[in-house]
Amino acid sequence: MKLRNKINLYTAFLFAILLLIINITVYYSFSKLTLDSELNTAHNEMKKISGNIGKSLGTISEDILLRSYVPVNGMIQIVTKDKNDSSPYTSPGAHDLSKRESVFYSNEVSKAIEYQDRLFSFESMPIILQDGSIANLQITKSMETATNILSILRLVLIMVTLLALIPVLISSRILSDLITKPVTSMIRTMTDIRESGAFKRLKLEGSSKDELFQMGQTFNHMIDLLEVNFDKQKQFVSNASHELKTPLTIIESYASLLKRRGLKEPKLFLESIEAIHSEAIRMKEMTEQLLMLARHHEQWKIELNELNISQLITQTVKAFKNAYNRDIEFVQKNHTPLFIETDEKKLKQLLFIFLDNARKYSDGTIFIELGHDQDEVYIKIIDQGIGIHESDLPKVFDRFYRVDKARSRKQGGSGLGLSIAKEIADAIGVLIHLDSVAGTGTTITILSKKVKKL
Ligand code: ATP
Ligand code: MG
């Protein structure tokens, strides 16, 4: 069954049950109150009549007395123990009552009885006759007025129940439309996406900011993210294949050169082997970097240990100076040893990525500054090189992004360094800030939580 029909059915059914329960309770309470009050009135009247009859029995004949007390729609009768009853006196509309068998009671009786499908109040009161014997004065009175009122009430309540169901049905229809419309539109959009393979969004109408609207917004947001990721992925694959194509082309052209003239020209042979070798190394490095990026952080086997950061930087600077023969100045603000909890190898790799950039994109001295405030330790890598233009700043962390393609290619860059740095920083829980002004220089700040020593 469709959601819409389910909502309609359940709401209407629940409301009908609720209305029935309310109306039945109202009807039964009202009918009980009415009938009790009728019986009460009949009983009070009976008390009065029996008193009057008891007093007047000697003076006025029994026949006249009973006749004068016949109820409007009922019967009065004196019933004796030995069944020597006087004939009953009935009102014009209640002659049939006289056919009802009379019963002698020793006590007072006040009850409602049903006779020939009509409801009567029945009152029986012991009285003392002239001869001293005990008899019952019995009055049976129709409760037609009350039953008429009750049947009108019944009719009114049935009508009210049926009428109240109309707005319930209408509102449940509106409600089901309200709920199912966005859902069906979402299903339609999803089917469209599946069939066409294109990213589509929901049309969000109306000003209401309810949960369904939020669901639509979330769906659109999710599609936005998927599209961005999909585009990035596409870009990545095309960039990666483009990057690998260049060294492969170089290798191929040198290899064919070798095939044709390599044996005859030793100089060409050496040059070709050299080029093939260096391109193969570049490709190997690039694939290693790509594999690292493709792997999830959990597979990186991060080992967090308490580390003396000043020591680590000193070692790194020494190694870097030896490898590239560049001026690097390490400045530590206050000379107390600083400790952070991190993965030593990964932090070293991070420092290498930034130092490598500073080396490639500047010619002067590179500065490394180490300091701390209350909770954090900061490491700044400062160069006074070419800097990065403001419009390129948000993109430099993207994979394969290089500001000056020709220049960084010449320097062997593939545009993966900073994206790897971002992944490493996320994995070891440090923050990276990049401040750069084109033509002035670049400052990279690494922020890490300080381990407090007592
Ligand atoms: P790779 O690091 O993979 O060898 P790369 O250095 O070109 O190559 P990234 O380290 O990701 O790649 O840097 C991206 C780009 O950002 C660089 O190509 C360069 O244009 C710019 N860049 C990065 N660091 C600096 C810097 N310190 N000064 C100037 N430009 C920089
Ligand atoms: Mg780099």
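How many aromatic pairs does a search of the whole structure find?

1. The search finds five. Rings of Phe, Tyr and Trp (its six-membered ring) pair if their centres lie within 6.5 Å; planes under 30 degrees apart count as stacked, over 60 as edge-to-face and the rest as tilted. Phe 320, Tyr 324 and Phe 352 are linked by ring pairs into a cluster.

2. On provenance: this is a predicted model, in which local features need pLDDT of at least 70 and side-chain atom pairs count only at pLDDT 80 or more, while totals for chains, interfaces and linings use all residues. Residues are numbered from 1 along each chain as its sequence is written, chains are lettered from A and ligands numbered from 1 in the order in which they are written, and side-chain values use heavy atoms, with hydrogens and water left out.

3. Tyr 324 also has a charge over its ring: the charged end of Arg 359 sits 4.0 Å from the ring centre. Arg 100 lies over the face of Phe 122, with 5.4 Å to the ring centre. The criterion is NZ of Lys or CZ of Arg within 6 Å of the ring centre and within 35 degrees of the ring normal.

4. On overall form, the protein chain has a radius of gyration of 52 Å, whereas a compact globule of 454 residues would have one near 22 Å. The radius is taken over C-alpha atoms, and the globule rule is 2.2 Å times the number of residues to the power 0.38. Along the principal axes, the C-alpha atoms fill a box of roughly 160 × 65 × 35 Å.

5. The protein chain has nine helices and 12 strands. These are DSSP runs (helices: H or I, at least four residues; strands: E, at least two), numbered from the N terminus. Of the 454 residues, 37% count as buried, meaning under 20% relative accessible area, with over 50% exposed and anything in between partly exposed (1.4 Å probe, protein chains only).

6. Strand β1 (residues 74-80) is largely enclosed by the rest of the structure, because seven of its seven residues are buried. Gly 74, Ile 76, Ile 78 and Thr 80 lie on one side, and Met 75, Gln 77 and Val 79 on the other.

7. β1 runs antiparallel to strand β5 (residues 134-142), joined by seven bridges; strands pair if DSSP finds at least two bridges between them. Ile 76 has Ile 139 as its bridge partner in β5. β1 also pairs with strand β2 (residues 89-90) in the antiparallel sense, over two bridges, and there Met 75 stands opposite Thr 90.
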